[in-house]
Amino acid sequence: MSTRVPLLAGNWKMYGTAPEAAALVGDLLALIGDVRDRDILIAPPFTALMSIAERIAGSRLLLAAQNLHWEAQGAFTGEISAAMLIAAGCTHVIVGHSERRQLFGDTDAMVARKTTAALQAGLTPIVCVGETLVEREAGTTMDVVRRQLSIGLADLSPDSVAATIIAYEPVWAIGTGRVATPEQAQEVHSALRAVLSGLAGPAVAAAVRILYGGSVKPDNVDALLRQPDLDGALVGGASLKATDFARIVRFTA
Ligand code: PEP
């Protein structure tokens, strides 16, 4: 029986002004305020982070940013550092989301630099990996996710690997309504745990949480999280509706 505490994380992407985000978090707090046995995290847009940090103070909700730059400061117009995110109230940051990789050119090497910068500053990185549909149909899923994870965590000591969270998010399942089957997800999660073992040893691999992401909804979360290596979910669209996300938080495995 795993001792990993489940984590349900909502990625709000580029949805919501600060007032809209405040309304959503208010609705969410009312629905999940009594939950104790699992971790719950939200990743609002940058502009809402500070006001949401104030709103959730004293609750069990965790706050993440959706991206960061690896440098501490400098002439990097439009970028944001780990220290800035911490000062805004974040404890976590999403790194290497497939939308960053596909639309904004984040490479495996950039993911590694961002992961290292986050950890050095004291943020917990949620490192995302996942194959495209073309890669899955070509039979290269395992090669792709093993490469992404090995390079993304390449510079880390075992203690630092232990301080990360991994998210397996098949690109073909993100925002498409097409979800991986529990068996497909378990197969990849188990392979990722083996990569973690190679990087940092079996004890660390057994302790690191690996989330599944890709069209997680109230009606499929229970079956997914029944799989032994699925330790929670990274949720996009369904995290924007408080009742749906609250149901996902209350999954029964
Ligand atoms: C995501 O953005 O990480 C995600 C998994 O999105 P969705 O749940 O909408 O597929």
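**Note on the predicted model: ligand shell, cavity and selected residues**

1. In this predicted model, the side chain of Thr164 reaches the backbone oxygen of Val161 at 2.7 Å, a polar contact being a pair of N or O atoms within 3.5 Å, where within protein one atom must be able to donate a hydrogen and the other to accept it, and residues adjacent in sequence count only if both atoms are side-chain atoms. Thr164 is found in the loop between helix H8 (158-162) and strand E6 (165-168), helices (H or I, at least four residues) and strands (E, at least two) being DSSP runs numbered from the N terminus. Thr164 counts as buried because its relative accessibility is 2%, where buried means under 20% relative accessible area, exposed over 50% and partly exposed in between, with a 1.4 Å probe and protein chains only.

2. On the basis of the values: residues are numbered from 1 along each chain as its sequence is written, and side-chain values use heavy atoms, with hydrogens and water left out. As the model is predicted, local features need pLDDT of at least 70 and side-chain atom pairs count only at pLDDT 80 or more, whereas totals for chains, interfaces and linings use all residues.

3. The ligand has 14 residues around it, of which Lys13, Glu169, Gly175, Ser215 and Gly236 come nearest; a residue is near a molecule or strand if one of its heavy atoms lies within 4 Å of it. The shell divides into 4 nonpolar, 8 polar and 2 charged residues, where Ala, Val, Leu, Ile, Met, Phe, Trp, Tyr, Cys and Pro count as nonpolar, Asp, Glu, Lys and Arg as charged, and the others, Gly among them, as polar.

4. With regard to individual distances, an oxygen atom of the ligand is 2.7 Å from an N or O atom in the side chain of Glu169.

5. Most residues other than glycine have a negative phi. Lys13, which is not a glycine, has a positive phi of about 50°, and it is placed in the loop between strand E1 (7-11) and H1. Phi of Ser215 is near 55°, again a positive value in a residue other than glycine, and Ser215 lies in the loop between E7 and helix H11 (221-224). Lys13 is buried because its relative accessible area is 17%, and Ser215 counts as buried at 10% relative accessibility.

6. A search of the whole structure finds 1 cavity of 30 Å³ or more, and the largest cavity has a volume of about 30 Å³. On a 1 Å grid over the protein atoms alone, a cavity is a set of points where a 1.4 Å probe fits but cannot get out, and lining residues have an atom within 4 Å of a point; grid points are joined across faces, edges and corners, and a volume is the space filled by probe spheres set on the points. The lining of the largest cavity consists of Gly96, Ser98, Arg101, Cys128, Val129, Gly130, Gln148 and Glu169, which by class gives 2 nonpolar, 4 polar and 2 charged residues. Helix H4 (98-104) and strand E5 (124-129) each supply at least two residues of this lining.

7. Arg209 sits in the loop between helix H10 (202-207) and strand E7 (210-213), and its side chain makes a polar contact with the side chain of Asp39 at 2.8 Å. Arg209 is buried, with a relative accessible area of 16%. Leu211, within strand E7, counts as buried because its relative accessibility is 0%.

8. Leu211 and Leu225 are 14 residues apart in sequence and 9.2 Å apart in space, while Leu123 and Ala83, 40 residues apart along the chain, are separated by 8.8 Å. Leu123 is found in the loop between helix H5 (108-121) and E5 and is buried, with a relative accessible area of 2%. Ala23, in helix H1 (residues 18-32), is partly exposed because its relative accessible area is 44%, and Ala23 and Gly10 are 13 residues apart in sequence and 15 Å apart in space.

Notes: On a 1 Å grid over the protein atoms alone, a cavity is a set of points where a 1.4 Å probe fits but cannot get out, and a pocket is an open set with protein on both sides within 12 Å along at least five of seven lines; lining residues have an atom within 4 Å of a point.
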